[in-house]
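Student: I have a new model open and would like to learn how its features get their names. Could we go through it together?
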Amino acid sequence: EIDMMALFLYSLHPVPEPMVYLEQKGGLIRDYSITILIDNTKSCFSELNERHSFLTLFNLIQIFNSIDIPSLDLILTSNNEPEILLHNMPSNTIFKNFSIFERLLILLSNPILTSDLSKAIKTVYELKIINKNMRDSYLFILTDGLSYKGNENKINDHLNICQNLGIKIIIIGLGIYPYRASEFMDTFIYSVNPHHLLKAISNIFGKKIETKNE
């Protein structure tokens with residue numbers, strides 16, 4: 001059985017501390033709204049895939065924690081209503097509040113057989129509408145893509161609504177062979193080595209994310 005806490009602690013060190021600056025009206029501010037949506041299924045977190053999936057997730061969270069995103073949502077799929085662990089909170093909250101991180105580990109340790117990804121995506125844009133958030137919004141969906149099969153229409157409809165609301169969508173592949181994940185959207189990130197996520201994300205953000213050791 002994988003030692004998730006040890007894996008998490010290991011993931012904190014290989015990623016150089018990133019810095020994000022947004023150029024707005026001559027100023028330099030951090031002003032993104034980020035949603036991380038995790039497809040918490042047995043296929044994503046199987047014995048074969050769990051190491052890659054956990055490292056991918058923890059590296060992504062650590063990146064956003066380091067750059068101090070002011071608004072972060074953390075949502076997991078479930079059999080019924082999605083699990084909303086964090087909503088419109090600073091990104092460092094997940095590590096400052098151990099109960100949130102503990103809840104995340106518990107849920108990921110008990111993945112479900114099939115999840116309703118479309119309902120979770122619907123929850124994402126409903127929260128954005130309620131908040132009336134004017135920040136640039138990004139949705140990162142972490143999945144192996146298998147939940148897409150048979151649910152293409154509903155998932156695509158909700159993704160289109162997200163885009164119409166100005167939410168930029170990035171798919172991040174989980175596991176050793178997430179071949180279906182690339183079918184969601186044009187913007188798809190996958191690496192066998194999850195520590196390469198920072199470089200890929202910096203390209204998507206238009207080089208606005210830089211590391212000290214660029």
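Tutor: Gladly! Let us start with strand β7 (residues 136-143) and strand β8 (residues 167-173), which pair in the parallel sense over 7 bridges. This is a predicted model, where local features need pLDDT of at least 70, side-chain atom pairs count only at pLDDT 80 or more, and totals for chains, interfaces and linings use all residues. Residues are numbered from 1 along each chain as its sequence is written, and side-chain values use heavy atoms, leaving out hydrogens and water.

Student: What makes β7 and β8 a pair?
Tutor: Two strands pair if DSSP finds at least two bridges between them; β7 and β8 have 7 bridges, so they pair. For instance, Phe 140 has Ile 170 in β8 as its bridge partner.

Student: Which strands are the edge strands of the open sheet?
Tutor: The order is β6-β5-β4-β7-β8-β9, with mixed pairing. The edge strands are β6 (83-89) and β9 (188-189), as each pairs on one side only.

Student: How do you know that the span of helix α2 agrees with its 17 residues?
Tutor: The expected span is 1.5 Å times one less than the number of residues. For α2 (residues 50-66) that gives 24 Å, and its end C-alpha atoms are 24 Å apart, so the two agree.

Student: Why is α2 called mostly covered?
Tutor: Buried means under 20% relative accessible area (1.4 Å probe, protein chains only). Because 15 of the 17 residues of α2 are buried, the helix counts as mostly covered.

Technical notes:
Helix = DSSP H or I, 4+ residues; strand = E, 2+ residues; numbered from the N terminus. Buried < 20%, exposed > 50% of the residue type's maximum accessible area, 1.4 Å probe, protein only.
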